Amino acid sequence: MNVQHEVSLLVEEIQRLGNKNADGKMCVKFGVLFNDDRCANIFEALVGTLRAAKRKKIVTFEGELLLQGVHDNVDITLLQA
């Protein structure tokens with residue numbers, strides 16, 4: 001699977017699992033995304049896909065690397081759909 005395809009799948013999953021924040025942007029907690037069964041089946045390396053999407057300015061989140069458990073409450077915000 002190529003990176004662009006995985007990023008587009010990530011956008012779909014954020015839209016499916018997320019809620020609109022105060023700015024009207026879709027937002028989802030890392031823990032929700034990480035623990036979702038469908039996401040687990042789609043993404044071999046969710047963290048890598050998130051980092052690629054952040055580099056492309058499609059999503060934003062605090063920090064560089066998200067770890068399960070430690071960063072479960074970190075918001076991932078969709079900047080563009």
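Two residues are in contact here when heavy atoms of theirs lie within 4.5 Å. This is a predicted model, in which local features need pLDDT of at least 70 and side-chain atom pairs count only at pLDDT 80 or more, while totals for chains, interfaces and linings use all residues. Residues are numbered from 1 along each chain as its sequence is written, and side-chain values use heavy atoms, with hydrogens and water left out.

Let's start with Leu-50. Leaving aside neighbours within four places in sequence, Leu-50 is in contact with Leu-10, Phe-30, Leu-33, Val-59, Phe-61, Leu-66 and Ile-76.

Leu-50 also belongs to the largest nonpolar core, which has 22 residues, and is listed among those with the most contacts inside it. Such a core is a set of buried Ala, Val, Leu, Ile, Met, Phe, Trp, Tyr and Cys residues joined through side-chain atoms within 4.5 Å; buried means under 20% relative accessible area, with a 1.4 Å probe and protein chains only.

Now for the whole chain. The protein chain has four helices and four strands, which are DSSP runs (H or I, at least four residues, for helices; E, at least two, for strands) numbered from the N terminus. Along the sequence they follow the pattern α-β-β-α-α-α-β-β. Buried residues make up 37% of the 81 residues. The C-alpha trace spans about 35 × 25 × 25 Å along its principal axes.

Terms used
Buried < 20%, exposed > 50% of the residue type's maximum accessible area, 1.4 Å probe, protein only.
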